[in-house]
Amino acid sequence: MPDDRHGRSTRLDAAARERGLDAPAGDRRDAAPPDDAGPRTARVPEPHVHDTFSVDGIDTKRREGLLEAVLLDRDGVSAASATRRNGTVGIHHDPDVSRGELRDALEACGLVVAPGDAAFEVRRAAQFDSARVAVAVLFGLMVATPYIAVLYPTRVEWLFYDPVTVQYLQSILDSQMATHFFVNLGSLSGIAFLVACGPMIKRSLAAAAAGEVTNESVFVAGVVALFGYSTLAAFTAFEGAVHYDLVAYAVVGVTLWNHFGVGETTPDTAGVEGPTADGSDAPADATEEEPVAMTDGGR
């Protein structure tokens with residue numbers, strides 16, 4: 001069965017056919033899992049070690065299961081986990097099977113293995129990328145809620161039939177309490193911008209140092225200008241509207257677009273120096289029983 005998204009046969013399919021293999025039935029991830037389904041596990045002999053590879057080419061869910069089946073068919077391999085989302089492959093194997101042999105096996109299946117074997121750093125960068133999305137969404141909601149509850153009713157009074165409520169909200173903004181109110185909004189939107197858009201800010205600074213103007217640098221400059229304008233309006237005699245909400249919306253929108261809207265993106269891996277040696281993943285307190293390897297690849 002052709003496996004890639006264009007309906008063509010791949011080198012991984014050919015390798016599986018040579019061994020008479022197919023993706024295990026349990027790996028048909030298009031089907032809904034049972035209610036009690038948990039992570040798949042495999043028994044790993046005590047002497048076996050673990051290696052992780054960063055690869056490119058696992059482009060469908062079926063390829064995850066097919067690659068795992070091909071790897072498990074090799075002598076000395078006790079567990080294998082392929083993850084399309086992070087582009088990583090984890091393998092538990094006998095120490096006599098070298099990392100180079102496993103790398104050759106992956107490349108024989110048509111996969112591109114990252115130079116330097118920096119899989120651990122790539123996976124960690126992907127986790128940080130997901131954390132930035134969570135920060136952007138969480139802090140964005142924390143900024144939007146006060147605006148919806150307090151500021152928006154005072155700006156579009158005609159939408160609210162109770163003038164007494166609008167007058168009360170306006171009195172809050174005219175009091176000293178407004179200072180604490182805007183301090184919280186400024187802090188939340190600023191943290192969201194620095195954390196969620198950190199890699200983008202670094203790239204924009206590098207582009208500015210090189211005398212280049214990019215879409216990212218324009219976005220960063222616009223957000224900084226809007227944040228500065230809002231800060232002046234909130235804490236000085238400068239007359240103007242406080243738009244920390246627009247800062248938060250811009251950060252959330254760009255972060256979600258970069259993470260989900262432009263397809264599979266490469267995590268920011270600046271500073272990756274080389275592979276991280278990894279021994280056995282077996283628990284330290286394991287005694288008589290063989291260790292159990294989680295083979296769901298973090299899905």
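Predicted model: local features only at pLDDT ≥ 70, side-chain atom pairs only at ≥ 80, totals over all residues.
User: Why is His93 called buried?

Analyst: Its relative accessible area is 2%. Buried means under 20%. His93 therefore counts as buried.

User: What makes the pair Val97 and His93 a polar contact?

Analyst: The backbone oxygen of Val97 lies 3.1 Å from a polar atom of the His93 side chain. The cut-off is 3.5 Å, so the distance qualifies.

User: How do you know that helix 8 and helix 9 are roughly antiparallel?

Analyst: The axes of helix 8 (residues 215-235) and helix 9 (residues 244-261) cross at roughly 155 degrees. Angles over 145 count as roughly antiparallel, so that term applies to helix 8 and helix 9. The axes come within 8 Å, and the crossing is left-handed.

User: What makes up the contact of helix 8 with helix 9?

Analyst: From helix 8, Phe219, Val223, Leu226, Phe227, Ser230, Thr231, Ala234 and Phe235 take part. They meet Tyr244, Leu246, Val247, Ala250, Val251 and Val254 in helix 9. These residues divide into twelve nonpolar, two polar and no charged.

User: Why does Val252 count as buried?

Analyst: Val252, in helix 9, has 19% relative accessibility. The cut-off is under 20%, so Val252 counts as buried. Val252 touches Ala136, Val137 and Gly140, not counting residues up to four places away in sequence. Its C-alpha is 5.2 Å from that of Ala136, 116 residues apart along the chain.

Conventions: Residues numbered from 1 in each chain as written. Heavy atoms only, no water. Buried < 20%, exposed > 50% of the residue type's maximum accessible area, 1.4 Å probe, protein only. Polar contact = N/O pair within 3.5 Å; in protein donor to acceptor, adjacent residues only side chain to side chain. Axes fitted to C-alpha atoms, helices over the stretch in contact; angles between N-to-C directions. Helix = DSSP H or I, 4+ residues; strand = E, 2+ residues; numbered from the N terminus. Parallel < 35°, antiparallel > 145°, perpendicular 65-115°, else oblique. Left-handed = near helix turned anticlockwise from the far one by under 90°. Contact = heavy atoms within 4.5 Å. Nonpolar A, V, L, I, M, F, W, Y, C, P; charged D, E, K, R; others polar.
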